[in-house]
Amino acid sequence: QVQLVESGGGLVQPGGSLRLSCAASGSIFAIDTMGWYRQGTGSQRELVANSGRGGVTDYADSVKGRFTISRDDDKNTVYLQMNSLKPEDTAVYYCNAELYSGRWALKQAYWGQGTQVSVSE
């Protein structure tokens, strides 16, 4: 049983910073990719940042230069450092992982429960 547990969300003023974390637990053999998505009110879920094979990273244009994704494979944990936050960053942020798990080491995608990030005066 695989579970992704997120933390670090909250309310912050424009220009402030937050650091999100997501830890994967369970019968995990290996993790290929871990990333962050977000979904604002009335919007579709969109990619924010992804950490892929070999440490290759990908960012949405709207967060480049402000957000940084990092990963600790020994702890099966991914982080998202968010700086210079803007009101338009307000959304529920979801952790995603593609990993191998279970007795047959099947590759599947998993999602965290989501954590609210609100940027407002």
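1. Strands here are DSSP runs of E with at least two residues, numbered from the N terminus. In that sense Asn50 belongs to strand β5, which covers residues 46-51. The model under review is predicted.

2. Overall make-up. The protein has 11 strands and zero helices. Read from the N terminus, its elements run β-β-β-β-β-β-β-β-β-β-β. The radius of gyration is 14 Å, close to the 14 Å that the globule rule gives for 121 residues, so the protein is as compact as a globular protein of that length. Along the principal axes, the C-alpha atoms fill a box of roughly 50 × 25 × 25 Å.

3. Burial and surface. Of the 121 residues, 42% count as buried. The protein exposes about 6,600 Å², and 45% of this area is supplied by carbon and sulfur atoms. As for contacts between residues at least 6 apart in sequence, 57% of them join residues at least 24 apart.

4. The open sheet. Four strands form an open sheet in the order β1-β3-β8-β7, and the pairing is antiparallel. β1 (3-7) and β7 are the edge strands, each pairing on one side only. Direction ignored, neighbouring strands of this sheet are turned by 15° against each other on average. Strands of a sheet pair through backbone hydrogen bonds, in either a parallel or an antiparallel sense. For β3 and β8 the sense is antiparallel, over six bridges. Leu18 stands opposite Met82 in β8.

5. The core. Which residues have the most contacts inside the largest nonpolar core? They are Trp36, Val48, Phe67, Leu80, Met82 and Tyr93, in a core of 30 residues. Two or more residues each are given by β3 (18-25), β4 (28-39), β5, β7, β8, β9 and β11. The largest share, five residues, comes from β9.

6. Leu80. Leaving aside neighbours within four places in sequence, Leu80 is in contact with Leu18, Arg19, Leu20, Trp36, Val48, Ala49, Phe67, Thr68, Ile69 and Tyr93.

7. Tyr79. Residues up to four places away in sequence not counted, Tyr79 touches Arg19, Leu20, Ser21, Trp36, Thr68, Ile69, Ser70 and Asp72. Tyr79 and Ser27 are 52 residues apart along the chain, and their C-alpha atoms are separated by 21 Å.

8. Asn50. With a relative accessibility of 18%, Asn50 counts as buried, since the limit is 20%. Its contacts, residues up to four places away in sequence left out, are Thr33, Met34, Gly35, Val56, Thr57, Asp58 and Ile69.

9. Positive phi values. Most residues other than glycine have a negative phi. Asn76 is not a glycine, yet its phi is positive, about 50°. Asn76 lies in the loop between β7 (67-72) and β8 (77-82). It is partly exposed because its relative accessibility is 22%, and partly exposed begins where buried, under 20%, ends. Ala105 also has a positive phi of about 50° and is not a glycine. Its place is the loop between β9 (91-101) and β10 (106-111), and with a relative accessible area of 33% Ala105 is partly exposed.

10. Ser120. Where does Ser120 lie? It is found in the segment after β11 (115-119). Ser120 is partly exposed, its relative accessible area being 40%. Apart from neighbours within four places in sequence, Ser120 is in contact with Leu11, Val12, Gln13 and Pro14. The C-alpha atoms of Ser120 and Lys86 are separated by 8.0 Å, the two residues being 34 apart along the chain.

Notes. Residues numbered from 1 in each chain as written. Predicted model: local features only at pLDDT ≥ 70, side-chain atom pairs only at ≥ 80, totals over all residues. Heavy atoms only, no water. Buried < 20%, exposed > 50% of the residue type's maximum accessible area, 1.4 Å probe, protein only. Contact = heavy atoms within 4.5 Å. Core = buried A, V, L, I, M, F, W, Y, C linked by side-chain atoms within 4.5 Å. Pairing = 2+ DSSP bridges. Axes fitted to C-alpha atoms, helices over the stretch in contact; angles between N-to-C directions. Rg over C-alpha atoms; globule rule 2.2 N^0.38 Å. Areas by Shrake-Rupley, 256 points an atom, 1.4 Å probe, with all protein chains shown as cover.
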